[in-house]
Amino acid sequence: MGGSSSFIAMLSIAAFLGLAWLATKVSRLMQVSSIVLEITTGVVFGPALVGLVAPEYAECQHARRIDCTPPLDLAERVKAGRHLGEGMTMIANMGFCPRDHYFHGEHGGDAHGVGHGDAVGHTEPGHAEPGHAEPKPGHAEEGHESTEGHAEPEHDAEAHAEDAAAHAHRRLSGGGVTYATYEECLVKSCQSFVSHECQLTPDFFTLIGHAGVALMIFESGMHFDFEKAATVGPKACCVAVLGTILPFISGALLTVVFGRPLMPDGVSVGTALAPTSVGIALRLLGEAGALQQDFGQAIITAAFVDDILSLVLFNVLFSLTGDFDVMATVVNPIIGIVFMGVAMIGAVKFWPKFINQVLLPRIRDVEGSKVSRKDEVLFFLMVLVLLVYATVTFFLGTHLWGCFIAGMSFACLSKDHH
């Protein structure tokens with residue numbers, strides 16, 4: 001009688017959220033952090049195992065629409081000029097893997113099945129951001145030699161032409177990443193493209209999680225104690241420097257020990273290990289009620305300084321694939337540090353006086369209202385500052401930096417306003 005309905009989908013999501021809530025309560029009864037049980041609940045009841053949540057709600061649409069699984073006879077299809085499958089054909093048509101960089105001495109038209117990949121939907125390469133490790137089609141179009149600041153594969157081919165029969169040369173993809181074969185370039189570039197698109201437009205639950213992390217970091221910034229930070233700041237900075245350098249060196253050395261090259265594999269692994277998980281650290285400190293303690297403030301300060309240094313490392317790593325980007329690697333972090341310094345001065349000198357002596361005294365509360373009008377105005381101001389600061393630091397490296405700075409702007413308010 002009812003016909004098609006989304007009630008079961010709503011019921012499944014409600015059950016999933018209820019189980020996550022139950023995991024939090026059980027963790028508190030056990031007097032342990034709720035992170036472990038919450039993660040376990042998500043893994044067990046997610047699409048991978050029990051499937052309480054449908055994959056449509058937990059998987060990026062690009063990952064569902066674009067199949068990067070290569071056909072078993074991909075190499076034969078490439079040689080014969082046959083259709084490569086939707087995902088591989090789309091990448092071939094987007095120019096991420098210029099054919100003439102891998103097959104020399106070939107003449108004639110394009111043999112990638114151009115036109116077959118249009119059904120996938122995304123054939124516009126303009127989404128890849130400069131400075132990242134994703135493929136950048138603007139640097140190498142199919143059938144044309146790259147003339148920009150990346151390493152030029154044609155010169156490499158000339159230098160190593162004599163031993164080409166004995167060794168498989170690694171060629172550059174559009175993003176400056178080297179691959180041994182044309183087929184490998186297609187597969188890896190497809191995976192990189194899907195990963196990049198999924199970061200821009202993630203699935204529903206991932207997007208909510210990102211918003212939750214941003215709000216959690218904003219809230220933790222409101223607990224920042226400037227007096228204690230001045231005491232523990234120098235020691236926290238030393239911890240941050242060691243927390244960045246030691247994982248970087250250890251990761252790079254272990255990569256070399258396992259037989260991988262230092263550049264770019266070792267440097268990439270070391271850079272990936274350098275950042276601190278600020279979200280988990282803040283969550284654990286908040287649950288333990290230690291955010292206002294000296295060691296809690298030291299951990300917060302060290303974690304964010306560590307992330308700033310790691311951001312510089314990431315920009316340096318990305319610049320190694322092509323031209324050295326002075327703006328992204330040097331200028332943006334410096335601007336971000338200056339912006340944070342100005343915001344910290346404003347948090348101590350400007351915002352408390354402006355809110356307590358100028359803004360709130362001019363607002364009259366309405367009798368009988370459940371929520372004070374002053375609280376509404378203050379909440380609106382907090383959201384506005386959060387959005388502005390996060391937007392500014394997003395273009396300087398990461399929006400989470402701005403979330404914490406925005407929270408710090410209200411750290412000196414009286415606790416009843418919190």
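A polar contact is a pair of N or O atoms within 3.5 Å; within protein, one must be able to donate a hydrogen and the other to accept it, and residues adjacent in sequence count only if both atoms are side-chain atoms. With that in hand, here are some notes for a first look.

1. **What you are looking at.** This is a predicted model, in which local features need pLDDT of at least 70 and side-chain atom pairs count only at pLDDT 80 or more, while totals for chains, interfaces and linings use all residues. Residues are numbered from 1 along each chain as its sequence is written, and side-chain values use heavy atoms, with hydrogens and water left out.

2. **The chain overall.** The protein chain holds 16 helices and two strands; helices (H or I, at least four residues) and strands (E, at least two) are DSSP runs, numbered from the N terminus. Of its 418 residues, 37% are buried, where buried means under 20% relative accessible area, exposed over 50% and partly exposed in between (1.4 Å probe, protein chains only).

3. **The start of helix H10.** Asp225 caps the N-terminal end of H10, with a side-chain oxygen 3.0 Å from the backbone nitrogen of Glu227.

4. **Along H10 and past its end.** How far apart are the end C-alpha atoms of H10? They are 44 Å apart, which agrees with the 46 Å that its 32 residues should span at 1.5 Å a residue; the expected span is 1.5 Å times one less than the number of residues. H10 bends by about 55° at Val232, and Pro234 follows within four residues. That bend is the angle between axes fitted to the seven residues ending there and the seven starting there. Buried residues of H10 include Phe226, Val232, Ala240 and Thr255. After H10 comes Gly259, whose phi is positive, near 90°.

5. **Two nonpolar cores.** A nonpolar core is a set of buried Ala, Val, Leu, Ile, Met, Phe, Trp, Tyr and Cys residues joined through side-chain atoms within 4.5 Å. The largest has 40 residues, and those with the most contacts inside it are Phe218, Ile300, Ile355 and Phe410. Among the elements giving two or more residues to this core are H9 (204-221), H10 (226-257) and H14 (326-359). H15 supplies the largest share, seven residues. A second, separate core of 23 residues includes Ile66, Tyr102, Val187 and Val194.

6. Not counting residues up to four places away in sequence, Thr24 touches Ser34 and Glu38, a contact being heavy atoms within 4.5 Å.
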